Structures are given as structure tokens and as C-alpha cells.
Amino acid sequence: MNEKSYTELMKIGAMKRQKKENYVQDLYIEMLLAEVQLNIEKEKLLKKIDCAIDHRDKKAFFLLSGQLRELTKRFGT
């Protein structure tokens, strides 16, 4: 017969819960890293845009503004 003991069934259930918890934790970590990456890239672009404004460099301003729009679009913010 293929009947499993109560202890074996509890172990299987615990392992399944652990896998699910690990998946959720991994997903959370990925989301956190993506947000950190977005914030760093966005801050760098904003500083470059400020510098372009200070130097009255329209070409650089429009280029960097386009990059900021693409970044925002890529991360869905």
C-alpha cells in the first residue's frame, strides 16, 4: 500500500509551505532590487538634466529627458 503516516504527510505539507514562502521572499527581493535600481538611475538622470539646464544645453536636456521618459516607461512608474 501507498499510505503515508501522519508524520510524513505533515513533513510534505511543511515543505510545500516553505517552497511557497521562499518564492514570495524571492519575488519581494527582486521587486526591492528593481526599485533601488530605478531610484539610482532616475537620480543620476535628474542630476544630469539639472546640469544641462544650468549650462543651457537644450540638446543634452532633450536627450536626457527622453531617457528619463524611457526609464519611467520601462519600470512602469
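**Salt bridges and a nonpolar patch**

Me: By about how many helical turns are K73 and E70 separated in helix α2?
Reply: In this predicted model, K73 and E70 are 3 residues apart in helix α2. Because of this spacing, the separation of the pair is about one helical turn.

Me: Which residue forms a salt bridge with K73?
Reply: A salt bridge needs a side-chain nitrogen of Lys or Arg within 4 Å of a carboxyl oxygen of Asp or Glu. For K73, the closest N and O atoms of the pair are 3.6 Å apart. The partner of K73 is E70.

Me: Is K73 buried or exposed?
Reply: Exposed means over 50% relative accessible area, and buried means under 20%. K73 has a relative accessible area of 62%, so K73 counts as exposed.

Me: What is the relative accessible area of E70, the partner of K73?
Reply: E70 is classed as partly exposed, a label for residues between the 20% and 50% cut-offs. The relative accessible area of E70 is 47%.

Me: How many salt bridges does the structure hold?
Reply: One of them joins K73 and E70. Another joins K47 and E43, and E41 also forms one with R74. The total for the structure is 3.

Me: How many residues apart are E41 and R74?
Reply: E41 and R74 form a salt bridge, with the closest N and O atoms 3.2 Å apart. The pair links distant parts of the chain.

Me: Where do K47 and E43 lie?
Reply: K47 and E43 form a salt bridge, and their closest N and O atoms are 3.7 Å apart. The two residues are 4 residues apart, about one turn of the helix. Both lie in helix α1.

Me: What is the area of the nonpolar surface patch?
Reply: The patch is made by Y28, I29, L32, L33, V36 and I40. Among them, L33 is in helix α1 and counts as exposed at 55% relative accessibility. The area of the patch is about 570 Å².

Key:
Residues are numbered from 1 along each chain as its sequence is written. This is a predicted model: local features need pLDDT of at least 70, side-chain atom pairs count only at pLDDT 80 or more; totals for chains, interfaces and linings use all residues. Side-chain values use heavy atoms; hydrogens and water are left out. Buried means under 20% relative accessible area, exposed over 50%, partly exposed in between (1.4 Å probe, protein chains only). Patches are made of residues with over 30% relative accessible area and no salt bridge: like charges are joined within 9 Å, nonpolar side chains (Val, Leu, Ile, Met, Phe, Trp, Tyr) within 5 Å. Accessible areas come from the Shrake-Rupley method with a 1.4 Å probe; for residues, only the protein chains shown count as cover.
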